[in-house]
Amino acid sequence: MPAIASGPVDQGTDTVAIAAATPERPQPYVELGMNEEEYRRVRHILGRRPTSAELAIYSVMWSEHCSYKSSKVHLRQFGDKAPKTDKLLVGMGENAGVVDIGHGWAVTFKVESHNHPSYVEPYQGAATGVGGIVRDIMSMGARPIAVMDSLRFGPADAPDTQRVLPGVVAGVGGYGNSLGLPNIGGETVFDACYEQNPLVNALCVGVMKHEDIKRAVAPGPGNKVILFGALTGPDGIGGASVLASATFDEESHQKRPSVQVGDPFMEKLLIECCLELFNEDLVVGIQDLGAAGVSCATTELAAAGTGGMHVDLDTVPLRDATLRPEEILMSESQERMMAVVSPDKVERFMEICARWEIPATVIGQVTDTRRLVMTWRGETIVDIPPVTAADEGPVYNRPLEPPHDLGALQADTPGRLTRPSNGDELRRTVLWLAGSPNLASKTWVTSQYDRYVLGNTVMAMPENAGVVRVDDESGLGIALSLDGNGRYTRLDPYSGAQLALSEAYRNVASTGARPLAVTNCLNFGSPEDPGVMWQFARAVEGLADGCQYLGIPVTGGNVSFYNQTGDTPINPTPVIGVLGVHDDVRRRVNMSLTTDGATIALLGETREEFGGSEWAHVVYNHLGGLPPLVDLKAEAALASVLVAAIRDGLLTAVHDLSDGGLSQTLVEACLRGGLGARITLHGDPFTALFSESVARAMVAVTPGSEARLAALCESAGVPVAQLGVAGGDALRVTGRGPDGDQQELFSIGLSELREAHERMLPSYAD
């Protein structure tokens, strides 16, 4: 960080004017989220006191949300450790990463958070979270083709959850459905640590041809800067710095003015308008307006281009004519884009916008001055080097140390908890887990989402991963999974991040897709807490190391800090998205048991692992010990077997093992396919049913393919054990009884399983 100018620092209120004209007026830098050192640095950069408009720009651009000032020093590992691959076309630093999936097609995908706005105003917070991530994908030149969401709430029966959950789900569904985008998967999790601080992470994926990729740059002096889309209003002013850099307390509902208001029908028009503009090659550079609004779009475009831009703020179309320049700059009104267009193409650009009824206005032009200059009512109110706001914000290497209670937490192993000891107790536990908030059917949620609009959805929730067809002729498609486990990461952040990665990797491979790339949303508490920063640093290191080992690069993502209520942070929750490629989606396999008499086998090794498990959480509300052992070598081997076996038609069903272990996998596979199973357990029945060891999958073998599967597993070093056969109308389990003899431990009819699995969420949400 450069030296900071000395001198007294003031704060309070300011008027819009050239800084030197009113040196006595205090400035509200603290209220805008800046500390004294950052404010001094702005003065040093400019060589003078900033105008209020300049202060607004620096405050939002240097906010935690926009500048990653507390996370940059750790996130560099994703680039430093990135595996070498020719599939990565655009990496980190752009609005979204882009990967080559073959046949000239490219895919862009990204996940981002809208946690704090969704607590303050659940419907609009969640809806605009979807809208924002869709625009990130649009800005890369792609057509959005699907969305996903990862949602976390407090206890299912908590009053706060009953306030937030319906609004968030309605917001996700209302915006995505109105755009005509299928929601193909995700997760809904309940835990006391998320009460009053829900997590709403939204993912979007889009497709394009290689030659259609766009960038957020403003090259070419004389090129015009066009703002198009919805009008600028007072909604969302300060959202990036006010909400994303603050913790929650009983006063949080007063922050409603900082939550954006969305219009999905305008965004639908904006999508089609952008695609037509791209098709006619009318855009030199493009940026969506999300966090920090006009401030972000102008500074980032200018900094990434020839370095200069002149903007006349008087020309920005407003919904509210009383907005001051600072408010125009900080507004996060939705459904807006900014394009850089050569002068000879402006007329055609405007014609296309008019046909789609999209307001569009030339607000400035590109220069080669390396200055961002803005005027308003005839006065220059901004004159800054844009790179200092966009790329040269403060970088903090914050103190970090393990949380003070981590040792005691890891020592408190689930070994002291009483386990089921007979068939009746095992049966009760299976039903209890199947109906618990995290493992119960999420149909109440997913039924509010359109999963099949556009006609290219091949698989959607509750399958292992969402699958979408990209090319009708070849069958080329993609698979996506979004996973995380805050309990695992609380017990061991390094392993927890890798466990989230390995689950998403395994889910994608379970459909038959080859894992190709990663996005992430890192949800943590305050970076000013050394314990939180230690968790963050370890999780980032774990994810970077895991991606390096598996050979799949991180293409981009999001960091969400300050997720806590008062001094109590959430469990550290990295949410990991993995993208895989299907050469032909017609060969995909789902989780459903549908073939009567098919052999059911377990691939992978089961160990006694219950730290952070659903069993300990549901039955005893216990969190302690160590999470399951990470085994990335075994994950890669399992994935290779699954992809090859599905390609060759050896399997009729695949379901990965994760939360709830084999028990939950069997429940879901039986109910999804409407067919029971007769299972024989090996070893201790409790461990066999409920352990959450990784790198495992349950498969149903195509009749006559057992020997070929066994040979494939042997060559890859993947353990395989026959469990039983599919058939009947019940889940029947045989295993070692209390006296050590093999016996039928329990039988649960599918109707009873379904009742337990499906009744939970509607009862809480009604």
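Good morning. I begin with helix H15 (residues 423-434) and helix H22 (residues 661-673), whose axes come within 10 Å and cross at roughly 65 degrees. Axes here are lines fitted to C-alpha atoms, for helices over the stretch in contact, with angles from 0 to 180 degrees between N-to-C directions. H15 is therefore roughly perpendicular to H22, a term that covers 65 to 115 degrees.

This is a predicted model, in which local features need pLDDT of at least 70, side-chain atom pairs count only at pLDDT 80 or more, and totals for chains, interfaces and linings use all residues. Residues are numbered from 1 along each chain as its sequence is written, and side-chain values use heavy atoms, with hydrogens and water left out.

Which residues make the contact between H15 and H22? From H15 they are Val430, Leu433 and Ala434, and from H22 they are Ser663, Gln664 and Val667, contact meaning heavy atoms within 4.5 Å. By class, four of these residues are nonpolar, two are polar and none is charged.

I turn now to helix H12, residues 346-355. Its buried residues are Val346, Phe349, Ile352 and Cys353, where buried means under 20% relative accessible area with a 1.4 Å probe, protein chains only. Viewed down the axis of H12, the buried residues fall within an arc of 125 degrees, so they line one face of the helix. Glu347 and Ala354, on the other side of H12, are exposed (over 50%).

Among the elements covering the buried residues of H12 are strands E7 (224-229), E10 (336-341) and E11 (360-367), together with helix H9 (264-279). After H12 comes glutamate 357, which has a positive phi, near 60 degrees.

Notes: Helix = DSSP H or I, 4+ residues; strand = E, 2+ residues; numbered from the N terminus. Arc of directions from axis to C-beta. Parallel < 35°, antiparallel > 145°, perpendicular 65-115°, else oblique. Nonpolar A, V, L, I, M, F, W, Y, C, P; charged D, E, K, R; others polar.
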